[in-house]
Amino acid sequence: MDSRIRALYKIDSDLEGPALARRIVADELSDHVSDNVIEDVQLMVSELVTNGIVHGSAQGDDPVMLDLCLNGAIRCRVQDHGARFATRVRNGGDDGSVGGWGLQVVEQLSDLWGMQCSPQQTEVWFVREFA
């Protein structure tokens, strides 16, 4: 059985975006990898799509792109139309805000990850091995 998958999705920059991204991951991977791996990938993708929606567009309506590939490992890229975003304080800033855990989650759950930024877009990618 050929288990290669390549899927590219355009996700609207709205409150439903992260939930849609989690459903996409489950739909695309459920016949190929374990539930535990799917849950890890869903969490990482949800965090990255949320970052893309929050930080990704000056207009607030540019879509976030989700590129999902399964070919011996799970490779995922999330692209948005924003420039590099500022890292927030993880345990609360002076204004009482919390956040900034998304990339730490990706770092902990992925086998490899990275980020590429330009004035026109930000792309965060990860690789998740599975047995």
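The side chain of Ser110 reaches the backbone oxygen of Val106 at 2.7 Å. That is a polar contact: a pair of N or O atoms within 3.5 Å, where one must be able to donate a hydrogen and the other to accept it, and residues adjacent in sequence count only if both atoms are side-chain atoms. This is a predicted model, with local features needing pLDDT of at least 70, side-chain atom pairs counting only at pLDDT 80 or more, and totals for chains, interfaces and linings using all residues. Residues are numbered from 1 along each chain as its sequence is written, and side-chain values use heavy atoms, leaving out hydrogens and water.

Is Ser110 buried or exposed? Ser110 is buried, at 11% relative accessibility. Buried means under 20% relative accessible area, exposed over 50%, partly exposed in between, with a 1.4 Å probe and protein chains only.

Beyond four places in sequence, Ser110 is in contact with Met44, Phe126 and Val127. Contact means heavy atoms within 4.5 Å.

Now Phe126. Leaving aside neighbours within four places, its contacts include Val41, Val45, Ile74, Arg75 and Ser110. Phe126 is also among the residues with the most contacts inside the largest nonpolar core, which has 25 residues. Such a core is a set of buried Ala, Val, Leu, Ile, Met, Phe, Trp, Tyr and Cys residues joined through side-chain atoms within 4.5 Å.

Last, Arg75. Arg75 is partly exposed, at 38% relative accessible area. The Arg75 side chain reaches the backbone oxygen of Asn71 at 3.4 Å. Its C-alpha atom is 9.7 Å from that of Val41, 34 residues apart along the chain.
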